[in-house]
Amino acid sequence: MAGLNWGRRALRAVLLVLGAAFTANAIWLALTANLTIGTGLAALLGLGFAAWGLWFDRARWPVVLAASLALAGLAGLSGFLVVYGSQQSATYDEDAVIVLGAAVHGDELSRTLVGRLDVALAYHQRNPSALIVVSGGQGPQENLPEGVAMGAYLTEHGVPTELVVVEDKATSTEENFAFAKALLDSRLSAGYQVVLVTDEFHVYRATWIAKRAGLTASHLGRATPWYFWAANFGREDLMVIKLWVTGS
């Protein structure tokens, strides 16, 4: 009996620590990055763990079982997204690169966006003739469109202006590829190949959407920093589930 009580206390402590960690992470992201659905989900996850820990002895087993299965399923899906997105498929003879936008804080590029652009710069070193489409519109906490900020970063780091194609209207992944395709269709011959650049958690869904937009795309996934895991994977898990259920 003593061992069982010790185990329950240990589990409760783990839940409370997880709750504090996820909540603190969400608060830090809210203060240092643009507010997103993912940040809200990280906060909800933290509060959920904290509540589970505080009312551990009162929790009904069906609720505990359902919560445990849901968390296990989301963890498994996150692992799948990491594995899929980490398997780089670029051949370095593609005709164009499409870099998907991410947050700009006022006028400053986020760490996520700089990371994606640095992947594109590394690709440019190996295939310097490929066009680079930078795609992203302007969000509510941004002083300029993401595509404009991205284009400036690439040219400042040595990419010739004539190779940079700025798309500055997209507000979703679907629009990223639809608008990028329209720009590339007017510049390249039919049958061109592209490589998409985004974070590894986003590669699976982005590849699906690119194919639906009519693009033949390989991919390069950037590793997501650990402090964005809860926010990014939480949101992406739900978006992938939605994609599987609704097809969009």
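Trainee: Which helix gives the most to the nonpolar patch?

Mentor: In this predicted model, a nonpolar surface patch of about 640 Å² includes Leu-74, Trp-208 and Leu-238. Two elements, α3 (61-86) and α8 (229-246), each give two or more residues to the patch. The greatest share, four residues, comes from α8.

Trainee: Is Leu-238 buried or partly exposed?

Mentor: Leu-238 belongs to helix α8 and is one of the patch residues. Buried would require under 20% relative accessible area. Because its relative accessibility is 44%, Leu-238 counts as partly exposed.

Trainee: How many residues does the largest nonpolar core have?

Mentor: Ile-98, Val-99, Leu-117 and Phe-177 have the most contacts inside this core. Among the elements that give it two or more residues are β1 (96-100), α4 (111-126) and α6 (173-185). The core has 40 residues.

Trainee: Which residue forms a salt bridge with Asp-199?

Mentor: The closest N and O atoms of the pair are 2.8 Å apart. Asp-199 lies in strand β6 and the partner in helix α4, 83 residues apart. The partner is Arg-116.

Trainee: How many residues apart in sequence are the parts tied together by Glu-236 and Arg-205?

Mentor: These two side chains form a salt bridge, with the closest N and O atoms 2.8 Å apart. Glu-236 lies in helix α8 and Arg-205 in helix α7, so the pair ties together parts whose separation in sequence is 31 residues.

Technical notes:
Residues are numbered from 1 along each chain as its sequence is written. This is a predicted model: local features need pLDDT of at least 70, side-chain atom pairs count only at pLDDT 80 or more; totals for chains, interfaces and linings use all residues. Side-chain values use heavy atoms; hydrogens and water are left out. Patches are made of residues with over 30% relative accessible area and no salt bridge: like charges are joined within 9 Å, nonpolar side chains (Val, Leu, Ile, Met, Phe, Trp, Tyr) within 5 Å. Accessible areas come from the Shrake-Rupley method with a 1.4 Å probe; for residues, only the protein chains shown count as cover. A salt bridge is a side-chain nitrogen of Lys or Arg within 4 Å of a carboxyl oxygen of Asp or Glu. Buried means under 20% relative accessible area, exposed over 50%, partly exposed in between (1.4 Å probe, protein chains only). A nonpolar core is a set of buried Ala, Val, Leu, Ile, Met, Phe, Trp, Tyr and Cys residues joined through side-chain atoms within 4.5 Å.
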